[in-house]
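Please look over the structure first, then read the points by topic.

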Amino acid sequence: MKTENPITPVFGTDEEARVAPKYEMPEGMMPGEVAYQIVHDEAMLDGNSRLNLATFVTTWMDDYARKVMTENMDKNMIDKTEYPQTAEIERRCVNILAKLWNSPEKPYCTGTSTVGSSEACMLGGIAALKRWQKRRKAKGLPIDKPNFIISTCMQVVWEKFAIYWDVEMRMIPVTAEKITLDPQDVVKACDENTICVVPIQGVTITGLNDNVKEINDALDKLNTEKGWEICIHVDAATGGFIHPFIDPETIWDFRLKWVLSISTSGHKFGLVYPGVGWVVWKDKQYLPEEMNFAVNYLGANIPSISINFSRPGNQVLAQYYQFMRLGKEGYKKVQQNCLNVCLYLKEQLKKMGIFEFFSNDMPNPLFIWKLKDDPNRKWTLYDLSDALHVEGWQVPAYTMPKAMEDVIIMRVVVRQGTGFDLADLLMEDIKRCVNQLDALKEPTNSALMWAKKEPQKPRGFNHSR
Ligand SMILES: *Cc1c(COP(=O)(O)O)cnc(C)c1O
């Protein structure tokens, strides 16, 4: 029965006196404040996003950013004619990013906002596919076997790209010896059907950067020899917002001849809540015309390039807010602090003496480590991950991809909002949990399963984020 009395307190209502409807829509209505309380309370079980060191995605923004976002929640990004100022601000963001990535295009640069890097990667990949098809068709050559080259440490979006668009994914193994995408291996894997090579800046699994310059130079040689035009799409989901501020000297972007498109996640180190991403082309000639459903407004042609149609416009406004609020100086300070906290964590873990690190470099604010071999140890990093979870921290443990799948590693990503103080508390908890695990007399289930090479129970962490 519905609660008829408007002054009944929320927790005195009939609706709060029974379990909420779960998998079927209720027949009747309930007061907004009661429904709010139920949803609000269920969401508490998600835990605290700030203690989630698994994710790359923004979990803290300031109050003005929140204000901009709530005020503009009702605006649909796709309605560029109805919300021309949001469209104009999107264009400004594209230009700001393109310039951070040294785009040569003038006066305006070509690109779009997206739901995230996934959509941005898809658009970059599709453009490369279409350009390749067009070149092949013009020469009367078949177009039925396209492929692209990427490392085994790629993010899941590239598997999706391969499946959705029927493009063969040629993976180059990352190993303890070759810790990023190897340029010579790339060249060996290329052929006339290669639509593009996809180096990653801020490799999701390792935190490292593929060497785009060396790949570009190797491709340039190959293209000259063979008369091919194999290009590069840089998946800079993380690095797109790190390089320009932390390491402007490294040449990875449009300064390189074969880099024709770059994607990034605004909601990762772009410092905006999910979901916003960006893709930029070096010049409009690299964006196939048929992908651009141009919208005409105020005399200017606003490109409409997207897989999704409707999506929130407030995230684009929040991105612009961050650009203005922080400027280059602010982004540099925030990203540098994340790196410093990350370095501190790494040093502290090193001091414990039981861990080994995948690399000495830390170009992005994340790193991975593994346990040194010790036949007497009764636990694995999965156990440490579980123990930390009890304390509220989410620190993922996972196995490396193909070619290194017998290595369990742990990863932290340090984002805006993880300061030295929190990092210090995390270290205290790690040390305490390790002491407890070291005191175990019997091996844990995880250690037993691992010794027998049995698959481990899924941890609920998707390391591919
Ligand atoms: C996170 C990530 C993606 C996917 O990005 P979303 O913004 O989550 O869609 C793609 N590539 C890399 C390298 C990533 O880190």
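A residue counts as buried when its relative accessible area is under 20%. By that cut-off, both faces of strand E1 are covered. The model is predicted.

**Strand E1**
- Strand E1 spans residues 110-114, and five of its five residues are buried, so the strand is largely enclosed by the rest of the structure.
- On one side, the buried residues are Thr110, Thr112 and Thr114.
- E1 pairs with strand E7 (residues 277-281) in the antiparallel sense, over five bridges.
- Within this pairing, glycine 111 stands opposite valine 280 in E7.

**Helices H3 and H9**
- Helix H3 covers residues 84-100 and helix H9 covers residues 314-351. Their axes come within 9 Å and cross at roughly 45 degrees.
- H3 and H9 are therefore oblique to each other.
- The crossing of H3 past H9 is left-handed.
- H3 contributes Thr86, Ile89, Glu90, Arg92, Cys93, Ile96, Leu97 and Leu100 to the contact. H9 meets them with Val316, Leu317, Gln319, Tyr320, Phe323 and Lys328.
- By type, the residues of the contact of H3 with H9 are nine nonpolar, two polar and three charged.

**Isoleucine 89**
- Is isoleucine 89 buried or exposed? Its relative accessible area is 11%. That value falls under the 20% cut-off, so isoleucine 89 is buried.
- Isoleucine 89 sits in helix H3.
- Leaving out residues up to four places away in sequence, isoleucine 89 touches Val316, Leu317 and Tyr320.
- Glutamate 405 is 316 residues from isoleucine 89 along the chain. Their C-alpha atoms are separated by 44 Å.

**The four-stranded sheet**
- Four strands form an open sheet in the order E10-E11-E13-E12, with antiparallel pairing.
- Strand E10 (355-357) and strand E12 (397-399) are the edge strands, each pairing on one side only.
- Neighbouring strands of this sheet are turned by 40 degrees against each other on average, direction ignored.
- Strands of a sheet pair through backbone hydrogen bonds, either parallel or antiparallel.
- Strand E11 (residues 366-371) and strand E13 (residues 408-413) run antiparallel and are joined by four bridges.
- Tryptophan 369 stands opposite methionine 410 in E13.
- Helix H10 (residues 381-390) lies across E10, E11, E12 and E13. H10 runs at about 35 degrees to E13.

Definitions and conventions. Residues numbered from 1 in each chain as written. Predicted model: local features only at pLDDT ≥ 70, side-chain atom pairs only at ≥ 80, totals over all residues. Heavy atoms only, no water. Axes fitted to C-alpha atoms, helices over the stretch in contact; angles between N-to-C directions. Helix = DSSP H or I, 4+ residues; strand = E, 2+ residues; numbered from the N terminus. Parallel < 35°, antiparallel > 145°, perpendicular 65-115°, else oblique. Left-handed = near helix turned anticlockwise from the far one by under 90°. Contact = heavy atoms within 4.5 Å. Nonpolar A, V, L, I, M, F, W, Y, C, P; charged D, E, K, R; others polar. Buried < 20%, exposed > 50% of the residue type's maximum accessible area, 1.4 Å probe, protein only. Pairing = 2+ DSSP bridges.
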